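Good morning, and thank you for joining.

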Amino acid sequence: KMTQQMRDLQLAQSRKPPGPSSPNAAKRLYRNLSGKFRVNYTSFDEGSLAGRGEKEKLRKSYLFQSNAALFEAVELQDLDRVQELLKQYSPEELDLNTPNSEGLLPLDIAIMTNNAPIARALLQAGAKESPHFMSLESRSLHLSTLVREAEQRVNELMAQVVNEAPNADCSEKEKQLKAWEWRYRLYKRMKAGFEHARVPDAPTSVHLSVASSSSVQVTFWEPLSVNSAVVTKYKVEWSCSPTFSPPLGEAVIDKLKNLHFTIRGLVSGTAYYVQVSAYNMKGWGPPQASVPPFAIPSNWREYDGRAPRRRGQAEALDHLLGQVKTVHQHCVCHEPCKNQPQSRKHSVSKSLKHLFHPGSKFLKTLKRGLYLTAIFYKDDNILVTHEDQIPVVEIDDTYSCLLMQDFLWFTKVSCMWDEILWLRQCVTVSQSSCSCILQTRFKMLLAISQMQGLLGIQDLGQVFFEPVKDKQGNILIVTLKEVKTNQTFESVRWVPICKLQTSRKSVSSPEEPTALDTLLISVQDKLAYHQRSSHALSPGLYLGYLKLCSAVDQIRVLVPERLPNILCHVKIRSNPNISREEWEWLQKMASVEEPVPAEPKAETSQNHLFQELQVAIKELMTLVNIPLQEAKDFRLYSQEVLDFGGQVSFLLLLPPSDDVCTAPGQNNPYTPRSGFLTLPLQIFELGEER
């Protein structure tokens with residue numbers, strides 16, 4: 001069949017007047033012709049369908065050219081071109097795993113020419129080896145056939161060039177001869193690469209860890225040897241016996257972006273041994289046993305049978321809220337709110353009348369008081385009123401000093417934007433019996449309702465961690481929300497942030513800017529904070545640093561600016577699970593009786609965790625600017641592992657008891673470098689929940 005294809009190629013080339021101008025051109029011509037032979041059946045069927053237009057034909061032709069371009073780039077060992085094509089097209093568009101007329105795939109050519117960079121790029125894109133090579137013998141025979149037929153074609157063309165007089169046909173034959181000589185050298189190089197290759201060495205750094213009570217995870221690196229052929233897949237085997245007799249199971253890994261595998265469905269408390277071997281075109285190499293040699297599926301909670309702290313809490317809170325709503329449905333406190341628009345007294349302040357008035361609008365200027373502003377943004381655009389102002393509504397024009405308790409209460413309300421009407425009904429507004437605090441909070445609920453009504457949206461977003469204040473007595477509570485879709489709002493429109501900042505005419509001096517001017521100047525910083533506070537950590541085990549500082553009316557916690565919803569931290573490892581054995585060792589290390597336990601034995605999970613913790617503590621101390629010698633007095637929080645959703649877990653590093661919380665006026669000799677801020681503890685807790 002291969003010989004017949006070569007003859008068909010010769011016939012087609014002899015009939016085509018214009019010939020290739022270079023070996024590469026001849027090679028492309030060969031592939032295009034053989035490709036047409038290969039897809040001729042489908043082309044005939046498609047031509048009979050009147051509903052398929054020229055666009056579909058052009059598209060298929062374009063994709064076929066991209067497939068040919070990929071083969072050419074691999075054969076020419078052009079790594080940049082290969083990476084460009086893999087980035088530009090999907091594997092399906094490139095026909096990445098469809099053999100060409102020679103029965104070869106791009107990966108076959110790359111590994112048999114021992115081009116490791118191109119082979120790795122193809123493997124990461126999902127490339128496979130040709131299914132035609134079922135054995136070493138079949139691959140060797142196929143390569144020998146390609147070399148023999150290419151050599152035969154070179155000899156035939158050489159004889160024709162020598163015997164024919166110089167003319168146009170002779171020039172065409174010379175071009176074909178150069179192309180076939182190039183292909184002959186390629187096939188010989190592939191054949192030599194296959195013959196000189198050997199099976200791969202064992203993988204390196206095979207590490208075994210406990211992933212859960214029913215699974216273990218094995219990670220590994222490719223073999224160190226550079227003389228063997230490119231590894232195209234790995235095999236993970238596991239057994240309850242160190243001799244792997246009998247084996248319990250195996251898994252072949254041919255997606256090589258991440259060299260790790262999780263073995264699931266195991267029995268808790270049972271020891272499992274794992275080994276990994278590598279494969280190339282010469283076969284499977286020797287297995288490499290893991291370090292440690294076995295692992296026992298478990299979780300730190302099994303140490304004392306502790307249940308998850310948050311199990312059922314969300315459901316219990318929802319149930320409790322439902323009960324409260326049921327009790328309040330017929331409460332007399334609803335009546336004043338229902339009847340207020342008709343029976344409000346003349347003693348009600350002008351600001352309250354303004355809030356109740358159905359024609360309420362956004363404010364243009366501030367007049368010494370407490371206000372609510374909502375910032376909605378999408379990319380580089382922000383929502384503004386028709387007067388090009390950030391939406392602002394009044395809370396209280398007689399309130400010029402926002403108490404921290406009121407602000408923190410407002411942040412909790414932000415978790416219940418959809419329940420504002422119900423909350424208003426539960427807060428009494430009787431002027432004779434209502435406290436000043438309740439009056440202020442009722443006005444906050446009224447302002448929220450007004451903002452929701454004017455914008456036509458319930459969810460106002462996340463509250464910024466501190467109000468914006470000015471020297472004129474104005475206080476702005478700021479909410480932030482990113483709009484992902486093309487959403488329309490009432491009474492507002494989108495404008496670029498930079499345009500709003502440059503077009504706004506300030507009515508204040510640079511020395512004493514108003515709260516609105518301050519907000520507009522710092523709006524990018526607030527948007528950056530909002531975006532960073534919604535980022536999540538990648539799965540893994542982290543070491544966190546808990547540092548608090550107290551003020552008169554609040555406790556603040558130290559957090560990194562790049563991720564303000566998480567404590568200062570460094571990553572220990574990618575596996576978030578702490579096994580029972582590791583937790584038992586941590587308990588011994590934290591015990592009073594044995595303050596400095598001996599280093600755990602080598603080749604155990606405890607020893608590996610010990611080494612990881614040493615590295616993490618050094619990195620964390622450098623991050624928060626604390627001399628390493630001071631870390632000897634620090635402690636690991638040994639009551640529990642902080643678990644966040646099963647994919648992220650934390651071990652906490654605590655300063656000495658007297659230094660956990662810095663008191664007002666107390667000097668901290670080790671101030672963290674730039675890149676940190678302190679958040680009110682309640683704000684941090686809310687951000688953590690989000």
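Predicted model: local features only at pLDDT ≥ 70, side-chain atom pairs only at ≥ 80, totals over all residues.

Is the crossing of H20 and H21 left-handed or right-handed? The crossing of H20 and H21 is right-handed, a crossing being right-handed if the near helix is turned clockwise from the far one by less than a right angle and left-handed if anticlockwise.

Residues are numbered from 1 along each chain as its sequence is written, and side-chain values use heavy atoms, with hydrogens and water left out.

Helices (H or I, at least four residues) and strands (E, at least two) are DSSP runs, numbered from the N terminus. The axes of helix H20, residues 580–590, and helix H21, residues 605–623, come within 9 Å and cross at roughly 60°. Axes here are lines fitted to C-alpha atoms, for helices over the stretch in contact, and angles run from 0 to 180 degrees between N-to-C directions. H20 is therefore oblique to H21, where angles under 35 degrees count as roughly parallel, over 145 as roughly antiparallel, 65 to 115 as roughly perpendicular and the rest as oblique. From H20, Glu 581, Glu 582, Trp 585 and Leu 586 meet Ser 605, Gln 606, Leu 609, Phe 610 and Leu 613 in H21; contact means heavy atoms within 4.5 Å.

I turn now to the strands. Strand S16, residues 540–545, is mostly covered, with six of its six residues buried, that is, under 20% relative accessible area with a 1.4 Å probe, protein chains only. On one side of S16 are Gly 540, Tyr 542 and Gly 544, on the other Leu 541, Leu 543 and Tyr 545, and all are buried.

Which strands pair with S16? Strand S22, residues 648–654, runs parallel to S16 and is joined to it by six bridges, while strand S19, residues 568–573, pairs with S16 in the antiparallel sense over five bridges. Two strands pair if DSSP finds at least two bridges between them. Gly 544 stands opposite His 569 in S19 and opposite Leu 652 in S22.

S22 is itself largely enclosed by the rest of the structure, because seven of its seven residues are buried. Strand S21, residues 642–644, pairs with S22 in the antiparallel sense over three bridges, and in their hairpin, which has three residues between the strands, Gly 645 takes a positive phi near 75°.

Key:
Buried < 20%, exposed > 50% of the residue type's maximum accessible area, 1.4 Å probe, protein only.
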